[in-house]
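Hello,

Here is the structure I promised to pass on to you. Please open it in your viewer and keep it beside this email as you read.

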Amino acid sequence: MERYFCIHGHFYQPPRENPWLEMIERQDSAYPYHDWNERIDAECYAPNAAARILDNNGLIDLIVSNYEQISFDFGPTLLSWLESHAPVTYHAVLEADIESRRRFSGHGAAMAQAYNHLVLPLANYRDKVTQIVWGIRDFEYRFRRRPEGMWLPEAGVDLETLDIAAEHGIAFTVLAPHQAQRVRKIGGRSWKDVNGHEIDPTQPYQVALPSGRTIAVFFYDGPVSRGIAFEGLLRDGGQFANRLLGLFNDDSPHPQLVNVATDGETFGHHHRFGEMALAYALRAITADRKARVTNYGEYLAMYPPTHEVEIVENSSWSCAHGIERWRSDCGCNTGGQPGWTQEWRAPLRAALDWLRDSLAPTFDRLASTLLTNPWKARDDYINVILNRSDDSIADFLKEHQTHPLDDEDITRVLRLLEMQRNAMLMYTSCAWFFNDISGIETIQVMQYAARVIQLAEDVSGESYESRFVAMLEQAKSNIRDHKDGRHIYEEFVAGGHVELETIAAHFGINALFREGGLTETLGCFEMEDGHSEIHTAGKARLALGAVKVRSQITRNSGRFAFAALHLGDHNVTCSVRDVSGTNTTVADMNELLDVFRRNDVRETLRRMESQDEASTFTLETLFGDEQRRILRHILSTSLGKAESIYRGIYKEHAPSMRFVTRLHMPPPLAFLTAAEFVINEELRRAVSAHEVDLAAVNDLLTEARRTGVALDETSIGFALGRNLNATMQELFGSPLELGLLEKASALASLIQSLRYRIDLREAQNTCYEMRQWIYPEVLIRSQRDDTEAKWWVERFGTLAAALWIHVNDT
């Protein structure tokens, strides 16, 4: 009888964008990467698009796409990030779905996912509809087909959610075995109780819905799925394959589907090299023809349900208490200190529910004057989210507006719809999943709530913040310093509000340190320089100018005059004044300029701060990444001086340090600190150079050993890996360029000798492609006594060996 298996990966990261900028700011905890999305892409999403299968000697023999052979869903907000920040991974995911359709009788591997991972049974009816509609539309936009299945966030399920999904064409979903209540044959009378993990997960089931519609449900194998996620099953790909094969019942007369499901991040991020175990298991099972790989859509088409199931309503895959993890102190958590509770969950949700429900009638009332059906317009707003061009907005308005709208009305419509978008983003499930209300995931949803409040006040003139933060006060933190939700909101959220003038101040401060004159962007804002000038008086610098700022999201814009003053070090002040509708130019600031030229700093500052209707900003106003960039610029001279001092100390005392180290004595801390700074800094520069001086690098490594200096392996390895990746890309563009091949080989050999934990994935992928498509041709030439080809083959063999790529020499 036919035996099939399906492995499902649920790939998801919570949206991390600053709600005002629509961009992710630097997250130091993800070091050496910019943010956690970038890090997890490097550890999981990209590796699964190019997973390694090793030969008996531990060398890479094959590189395959896991996505082509598994079932998967990607969060729409994560796909949006991948599209703009990791396009190679993004297109690999889309191509894998196309290839899977060729493999699996026209059924793609990809499933849709409800839009921003809110727990649907806890949502109201309108939000359920919009989340499912947006998830489907986003899927269609990216994968160019209708989705057959949809993953429900946290596998959170109730009949209403399933009915809405079925109404919109979803054929199936996937649940945990404990979410089945009872089963019977379709058309049968007697039910069998299966609650308690007793359901047979090797077949699909049909769920009868209140509307009379039906939807199919697959239940994954619980024990093996737990083994993958939590019990180390991915440590050995062969063991993983055998565990899957052991689930088949040889005596069964019916077709069997062995299926498992887990977080996609399990394969590489949670478990290093997990993607390799997955690739090996898939190959081992299919190569021996012990079972056939499939996906849910294909299996459902071949073997429709013969049994129906009643689900456990208001249940999920990651909470033993149903869906309580996202609204109460149910006991489910990820650890924390003794005595910690999650009693904060209920008041947090209550505050958000109050905000959502208070704004619904406001939205309905205000939007009804501009849109024929505000809630239908909200469902269709996903088309604008996916394409924020002027033409896309015009098409949307043409379909939904009550009358032709002017620019002010268009901004009003977009603000109302953005208010609703953020009112759903503030329910992203991760906010309740972890241990304390002060976690970054919970602060993120508070930021979305703050954006909702700001937009609501913009469109209605009504204030919602005081009541909201009063309700947050009931959400007590486990950490004494963080007190409660109100304190956390005021400390980490309230000061982050962004207005157009904030962006103008950002532009003005940047003008002090970078030449203007060009249109720039910051997140979702466009900034157009209306002419700026830089003046100096001693060490002080003054930037005067005007800038037009426009939001790409709400299309509101304004023109601002700015005066930015730098007095040295971090002392930066910027005065911004709204001059929209006026002809204000730099010439209108001559009076301020005259005061500055007299070197009267105090009076210059006083006049800047006392300008009518002007707002004053400092370096603290800038956004994180820009703060760092400007501080590096400001401190570069001071750091140069400090480095010179350290270098002098090191050069003078290096011989003594070597002698002390030879005697196995600890060197004086002051000398060691100077040596660590100098050697690490020189190494970072050396390995980041376009042309790496390998002799100099080796000298520095030797000196570090001789002086007992601890090297910053993370940053040095990260820089060296990026340099090798760039060199390999150059080589791939000119594969027969002997100098490039020599350079890449030398870099790879250096990395191999260091034994640092360096991500070689991109370099290995490039080398593997060269092995597949370029090496065979050059090898044939070398066998015909082509001297240059012989040298190329020999050097490529050295490169491949350093990158752990298997190469046949015949």
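Below are some notes on cysteines and on a few backbone features.

Before you start, please keep in mind that this is a predicted model.

Let me begin with the cysteines. A disulfide is a covalent bond between the sulfur atoms of two cysteines. A search of the whole structure turned up zero disulfides. Take Cys 332, which is in no disulfide: the nearest cysteine sulfur belongs to Cys 330 and lies 3.8 Å away. To count as a disulfide, the two sulfur atoms would have to be within 2.5 Å. Cys 332 is buried, because its relative accessibility is 12%. Cys 767 is buried too, with a relative accessibility of 0%.

Next, the backbone. Most residues other than glycine have a negative phi, and most peptide bonds are trans. Here are some exceptions to look up:

- The peptide bond that runs from Tyr 31 to Pro 32 is cis, and its omega is near 10°. You will find Pro 32 in the loop between β1 (3–11) and α1 (36–49).
- Glu 154 is not a glycine, yet its phi is positive, at about 60°. This residue sits in the loop that links β6 (150–151) and α5 (159–167).
- Asn 314 also has a positive phi, near 55°, without being a glycine. Its place is the loop between β14 (307–311) and α10 (345–367).

Enjoy exploring!

Definitions and conventions:
Residues are numbered from 1 along each chain as its sequence is written. This is a predicted model: local features need pLDDT of at least 70, side-chain atom pairs count only at pLDDT 80 or more; totals for chains, interfaces and linings use all residues. Side-chain values use heavy atoms; hydrogens and water are left out. Buried means under 20% relative accessible area, exposed over 50%, partly exposed in between (1.4 Å probe, protein chains only). Helices (H or I, at least four residues) and strands (E, at least two) are DSSP runs, numbered from the N terminus.
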